[in-house]
Amino acid sequence: MIGQGLWSPWYVGNSMTDLDKKFGIDRVIDTPVAESACTGAAVGASLAGMKPIVVHPRMDFMLYAIDPIVNQAAKWSHMLGGQANPGVTIRSIINRGGEQGAQHSQALHAWFAHVPGLRVVMPSTVKDARDLLIASVLCNDPVMYIDDRWLYDQEDELPPIVELELSSQGPLVTQIGSDITIVASGHASLLAKEAGEQLSDNNVSAEVVDIRVLNPLDVDTIVASVKKTGRLVVVDSGWLTAGFSAEIIASVLECLPVNTLKAPPVRIALPDAPAPTSRILEQAYYTSTKDVVDAVKKMFD
Amino acid sequence: MKNQLGKLSNPEELHSPVVIDGYSADSLVKYLELMLTIRKTEQRLALGRKDGLIGGPVHLGAGQEAIAVGVSEHLRKTDRVFGAHRSHSHLLALNPDFYRLFAEVLGKETGFSKGMGGSMHLFDQPSGFYGSVPIVAGTVSLAVGAAMAAKLQGVDDIGVAYIGDGAAEEGVVHESLNLAKIQNAPMLFVIENNLFASHMHISLRQPSDMVARFAQANDIPYEVIDGNDVVAVSQAANRLIDDIRLGKGPRLLELVTYRWYGHVDWRDDVDVGVERSLTDINNWKARDPIVRLSTAMLESDIWCQSQIDELNQRLDDQINKAWDQAMSDPYPSPDATLKYVYSQ
């Protein structure tokens with residue numbers, strides 16, 4: 001593992017506590033302030049047979065490392081005829097709120113999902129945080145594994161580890177319903193889950209789908225659900241314009257017979273503005289469970 | 001610009017034959033044959049591009065052959081070598097299979113990268129050549145990572161990155177020097193200083209013509225050498241690589257040279273280059289690493305003109321045959337574009 005802050009308890013919440021002590025500082029490498037070289041080094045190490053995880057405690061700072069991610073890791077297999085496989089896991093963390101503002105907040109999963117050659121994973125549960133990370137490391141392709149610090153308070157009793165083939169993983173129905181399909185990823189999946197529960201109390205039967213793997217996107221599960229419910233809401237923790245919510249709606253609509261939908265599809269995403277700092281603006285900016293519930297109710301008006 | 005390179009960057013200097021004292025005929029012939037192979041291969045590519053037979057850009061390094069040949073002599077197949085846009089010589093010095101290079105540049109599936117890369121994306125890991133890409137300085141940090149991996153893997157293999165003087169202006173090179181040093185990575189930074197980045201002379205881009213000042217800044221031991229003297233390059237590479245394999249950390253080798261062709265394809269680029277004149281090109285051609293070696297060998301009676309003629313003839317025949325073969329090879333199948341995006 002390589003990245004900034006790996007020898008400090010602060011940077012990655014409690015998700016890596018004492019790994020340096022357990023595995024040694026040769027294998028858990030805290031680094032100079034050099035996102036680009038450290039990410040490139042992880043890509044190079046993967047080409048040399050290692051299974052590196054490079055950690056970016058805030059996704060915003062990872063933008064210095066776009067070249068090794070997008071130009072190098074994502075393209076080496078293709079450019080070199082399938083002979084070089086950078087099996088690197090890039091763990092980038094969405095770290096929002098707390099009046100941190102525009103450069104400590106971005107959820108850029110849609111950017112990376114746009115890039116062929118990258119696998120993009122967004123866990124929303126404790127179990128997926130573990131199992132999809134393991135699957136990402138085992139995978140021979142570069143994986144952008146994006147987790148959200150707003151998910152770190154979740155607790156769960158976990159079953160023993162089952163090693164998954166990442167290419168076999170995709171969207172999962174996490175709540176079965178019949179009136180509406182709510183699709184989301186990452187932290188938005190937590191909102192979708194909570195909204196689904198609240199809607200049940202209001203006699204709306206919501207089916208909730210957690211995308212989990214954004215690229216390559218397997219849309220079949222979502223299509224099947226929307227065929228059943230006839231209504232689609234996508235909740236996304238990124239911005240609205242050209243965001244992942246648009247990709248979900250477009251991919252699903254392409255597969256649906258005309259007149260399947262009982263209502264126009266709805267996107268719930270961040271306003272097209274950088275994150276504000278001031279608390280009062282921040283509260284309005286981020287999506288809440290109530291926002292999701294209200295939007296769904298409106299579809300039944 | 002501060003001139004720190006002195007006569008190394010003065011095209012009117014260093015035209016005399018190289019010093020070959022103590023070298024066996026065998027090793028000198030090996031240098032000469034490899035440099036000639038690279039030169040002739042690139043000349044064939046220049047012609048193919050000029051004739052419109054090659055679709056994509058070719059970045060030719062004619063005039064710079066001594067660098068890859070001198071460095072690669074001390075590399076193993078298990079080392080981790082990374083190149084850039086002008087990397088034909090870096091690959092051929094490890095594996096002089098010009099047929100597969102021709103096939104690759106022509107987009108044929110028999111090429112080094114199965115026809116998916118062309119001139120600018122080359123791969124031959126079995127020979128130690130991990131890959132080359134055209135993003136300037138794009139592989140430097142990858143090479144450092146491969147070097148760090150060697151350390152973790154407990155082997156004394158090394159990482160090598162070829163870096164041009166233009167690439168040395170990229171921020172990631174400085175991150176990489178710092179990271180390699182702080183990690184004590186077994187890493188050789190090879191600076192090919194040909195004084196030009198695309199069309200612009202180094203005097204218009206940097207405050208000094210000596211890139212090795214960045215090694216000084218990162219406390220990395222270095223040497224600055226005449227890059228058109230294959231013997232001197234080889235000796236310096238040997239010293240530095242020995243230290244790296246002994247675990248002494250990264251080293252930097254700056255080699256001063258000049259490319260005969262323009263930035264891309266077969267032209268001289270005197271009309272698009274800033275501070276690039278035909279007089280300079282001709283002076284630099286008088287510092288030809290191949291002529292300087294072969295003249296030294298002739299003067300020392302190590303071999304004679306008829307042997308040189310024979311070698312030229314043999315290489316020309318082999319290269320023409322390989323070119324014809326590559327020209328008639330098949331293109332990748334239509335499913336290749338999607339097939340290689342992921343490993344499965």
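Mentor: Helices (H or I, at least four residues) and strands (E, at least two) are DSSP runs, numbered from the N terminus. Here, helix H2 (residues 35-47) of chain A packs against helix H3 (residues 66-73) of chain A at about 35°, the axes being 7 Å apart. This is a predicted model, where local features need pLDDT of at least 70, side-chain atom pairs count only at pLDDT 80 or more, and totals for chains, interfaces and linings use all residues. Residues are numbered from 1 along each chain as its sequence is written, with chains lettered from A and ligands numbered from 1 in the order in which they are written.

Trainee: At what angle do the axes of H7(A) and H11(A) cross?

Mentor: Roughly 55°, and the axes of H7 (residues 187-201) and H11 (residues 289-299) of chain A come within 8 Å. That makes H7(A) oblique to H11(A) (under 35 degrees is roughly parallel, over 145 roughly antiparallel, 65 to 115 roughly perpendicular, the rest oblique).

Trainee: Which residues make that contact?

Mentor: Contact means C-beta atoms, placed from the backbone, within 7 Å. Among them are Leu191(A) and Leu199(A) of H7(A), plus Val292(A) and Val296(A) of H11(A).

Trainee: And how many residues of chain B are in contact with chain A?

Mentor: 36, against 36 residues of chain A. H5(B) gives the most to chain B's side, with 10 residues.

Definitions and conventions. Axes are lines fitted to C-alpha atoms, for helices over the stretch in contact, and angles run from 0 to 180 degrees between N-to-C directions. Two residues are in contact if their C-beta atoms, placed from the backbone, lie within 7 Å.
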